[in-house]
Amino acid sequence: MKRLLVVTLLLAFGLLALAKTTITVWTFFSGGEGFLVTELINRFNAEHPDIEVVEQIVEWGQLYNKLTTAIAAGDPPDVSVMHLAVLPDFASRGALTALDKYISKATLQDYVPEILAKAHYDGKLYAVPFDTHPLVLYYNKKLLRQAGLVDEKGEVLLPKTWDELLSYAKQAKEKLGLEVGISSEIGAMMGDRLFTTYYAQLGGQFYDEKTKTVKLDPDKVKKTYEFIRSLYTSGIMKPMDYPTAESLFQNNQSPFHFNGVWVMALYPTLEGLEFGVTRLPTIPGSKPYTWAGSHTWVIPKKPKDDPAKIAAAAKFIEWFARNAAEWAKAGHLPVLKSVLNSEAFLGLPMRKDYANVAEYLVSSPNVKGWLEVMLKMFEIGEAVILGKMTPDEATKELVNFVKQVVED
Amino acid sequence: MAVYRKKRHALLAYLFFAPFLVLLLIFRLIPFVNSIRMIFYKWDIFGTPRYIGLGNFTRMMSDKTFWASLWHTVYFVILTVPPIVVLSFLIALLINSRISFKNFLRSAFYLPYTLTISVVCITWAMLYNPYFGMIGRIMKFFGLEPINWLSDPFWAMPAIVATTVWWTIGFCIVLYLAGLQQIPTSYYEAAELDGANGFQRMFFITIPLLKRVHVLVLVTQIIASLQIFGQVYIMTAGGPAGRTRTLMQYVYEQGFRYFRMGYAQAMAFVLFLVMFVFAYLQLRLMIASAKEELV
């Protein structure tokens, strides 16, 4: 009798174990972002006894290399994180699983349309975006007050236009004898993110969705490079790398700071830093267009599709997107309208101060090879900032390069 | 009987070799042959390679970034190798002389070589930081304007060179120390009896007798420096404005970021040819000096 019980129990456990689908997920999140992802995965596992999601953390700079080789070797993870800007490079090469049949209509209809459109390639859905992360303007309240940049009520003045930002930054820098008026990394932050923002505000376009062609406006590109160059020739900004730009702002040595919203997991916890966050200034008469990246989940293609696994993986990534209010604690904006308007999200501190850019986000065009263009933009931006290229030369270089990459 | 034993010995030798040979075959030779084949193909890793003849090489000819990267690599070699050779020789002389704290000095100079590349690069990047780094603070103390080493198009490469020299010099010092200890003291005693001064002892005994070490250090350092990647990748990512992008960095970018595996392999092949020339040179010089010693 006893033996029978043991056998039955063993069988029952065995069946349970068999029924459980294990899903491996590659992420590159660390710090505050890392904790939030792990927490959400644990919650998913607790709520779904039939699925076991196992997270594998890959170093940020290495994820795409490893993913590429893993897919080529036929042994990729079941799910991976992927920036929306990189999606066309993988989707166009048949490296990802189309997700149209796996994600529910209700969720798809809930998406901010612009983001959902970018998650498609050639009419098929290849990614489930779960955030956008715009570039924003951080300001140091203590420094701005010391510099006398306050209104009658003693509230810190916030720049609405670029000219205002430059004059405030200059005033604070000179009055307080600071290193810089605005701190920012020169590569990605200026060459791509700020460039894209200012260029879009000038009315510039990268890509024409209708004719499916790349469209750069040389005049507006040049104006943008001239603007970026002027930030440095005026002495308001100095060339520096990312850690330096952050340290200067965190240590009360820069009144303003360009960075993405992802630092919102960290900055509020820093002692001695009294800061605020707001959307980037605008060119008068323009809408507040702002650069934004986006994190998505993708299901890499395997030599042989396992429908049960794909379904379980899809279930996880859809669930994650729906529960992104939790993820938004890291600073990111949700991409589902229901989450974007939820109490859970808007109740987070300072989110109201920048959530209003959600309608004006500009992300990378849906073009194969854009990653290469993006990295070239970092480089050209640096060359302009360092005076190694005139805005005119930079414009020619960019326009030619884009043409070359798209035609390759 | 003797023949049989010889055969058995050979068999045994190959057997002992086998584990290494198998690994060499799988992880070196087969990939090497494949990568040489790939230089004639266009291949994005996922799809099927497409034969394009010399297409990758014509692309290289007109690729400004390739030429710039090649030049940055050569520039790095020019800046790195002479100080490594000269300094490692001088430091080895110092350690080999009759000074106190010999063992301490030997370990101190060798220590950096045992660190991993990321530790070295991240530490040096901190030192180089113009606002918070130690070098900037020292410059400020002496009333100098701190230099933004890694973000400056002129200084970025010398900064990477300084880091590299600090990191790798320990190995060359050890080679020179070994060489110095092989020179019989009787030569110096004889020279001293003949009235040779320190200068003459140095130039007529020490330096010529270290010929093989000079060749070894020089050539291995040239070959190692041609492959510079990690320092650049971690400290500047090829910046600012691409001024420190080396050939290996560009190979990596083209292959793994932009899915141009064939092109990347073709460029790596060019680097291979350059290194092959130096390796061959080393072999010739080594053989020549070995013959000399036999005479």
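Predicted model: local features only at pLDDT ≥ 70, side-chain atom pairs only at ≥ 80, totals over all residues.

Among contacts in chain B with a separation of 6 or more, 69% join residues 24 or more positions apart.

Next I checked the overall dimensions. Along its principal axes, the C-alpha trace covers about 85 × 75 × 30 Å. I also looked up burial: 30% of the 295 residues of chain B count as buried.

Then secondary structure. I found 13 helices and two strands in chain B.

I turned to the UniProt record for annotations. Its unreviewed entry gives "transmembrane region" for several stretches of chain B, including residues 12-33 and 107-127. I looked at both. Residues 12-33 of chain B are 100% helix and 0% strand, with 28 Å between the end C-alpha atoms. Residues 107-127 of chain B are 71% helix and 0% strand, and their end C-alpha atoms are 22 Å apart.

The unreviewed entry in UniProt also lists "domain: ABC transmembrane type-1" at residues 70-282 of chain B. I get 75% helix and 0% strand over that span, and its end C-alpha atoms sit 22 Å apart.

Last on my list was the partner chain. How many residues of chain B are in contact with chain A? I have 19, and they meet 24 residues of chain A. Sorting the chain B side by class, I wrote down 11 nonpolar, six polar and two charged residues.

Definitions and conventions. Residues numbered from 1 in each chain as written. Chains lettered and ligands numbered in written order. UniProt positions renumbered as here; feature names shortened; annotations may be inferred. Helix = DSSP H or I, 4+ residues; strand = E, 2+ residues; numbered from the N terminus. Contact = placed C-beta atoms within 7 Å. Nonpolar A, V, L, I, M, F, W, Y, C, P; charged D, E, K, R; others polar. Buried ≥ 20, exposed ≤ 12 C-beta atoms within 10 Å, placed from the backbone.
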